[in-house]
Amino acid sequence: MSLDELLPDDTAPVRGAREAPLRYSSPSLFNHCARSYLWAASLGRSEGLDFDAELLYVAALLHDLGLVEAFDTHRTAFEEAGGDVGWVLAAGAGWPEPRRERVKEIVVRHMWDAVDPATDPEGYLLHAATSLDISGRRAEAWSAEFQAEVLRAHPRLNLPEEFLAAFEDQAGRKPGCAAAAAVASGIAGRIARNPLDRPA
């Protein structure tokens, strides 16, 4: 299975979701979002889940925009801010209200402790994908060959340092947010031990 086979059709929402982080995110953060979609879509296929690839792509590419200066706020958790960007993009694309809300739900839920695939397959897949890409969780669910192919297409660059700094900044300004809980629970150590940064 090639990476191109995992991508959704090149619709206007897909193009918009790709262009937004290309414009506003660092190369490291954009690559993280692109990898997150590929991890998520490949896991969905391997687990036989019925998921909406366009919806998942839009959420995956936008899920961390709340960490960047243009969309960060001092009051709103970054996943809520990113979800709001997704809602606005979806509205501009002409998606109906329930589909707009789904984008926001998926983005917000990627920071939950767990998401039920039976009730939210896209949220479950993005949660699993971002957990792999940041903390190395469940790395064995993706083959070494597929991991290497994704990392060649979208290198990690300085993601570990950049992401940890962003979460620590969020934690300092928004002590009740999910990023603060992640910092308190030792995300720095999990990032440092991520096997994706030490490929075989």
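At 9% relative accessibility, C177 is classed as buried, where buried denotes under 20% relative accessible area, exposed over 50% and partly exposed the range in between (1.4 Å probe, protein chains only). C33 is likewise buried, with a relative accessible area of 2%. With a disulfide taken as a pair of cysteine sulfur atoms within 2.5 Å, the count is zero. For C33, the nearest cysteine sulfur is that of C177, 17 Å away.

The model is predicted, so that local features need pLDDT of at least 70 and side-chain atom pairs count only at pLDDT 80 or more, whereas totals for chains, interfaces and linings use all residues. Residues are numbered from 1 along each chain as its sequence is written, and side-chain values use heavy atoms, without hydrogens and water.

Beyond its neighbours within four places in sequence, F163 is in contact (heavy atoms within 4.5 Å) with L29, H32, D64, L67, I134, I187 and I191.

Helix α5 (residues 78–92) has 15 residues and reaches 21 Å from its first C-alpha to its last. Its buried residues include F78, V85 and L89, and the elements covering the buried residues of α5 include α2 (12–24), α4 (53–62) and α9 (159–173). Just after α5, G94 adopts a positive phi of about 85°.

How values were computed: Helices (H or I, at least four residues) and strands (E, at least two) are DSSP runs, numbered from the N terminus. The expected span of a helix is 1.5 Å times one less than its number of residues.
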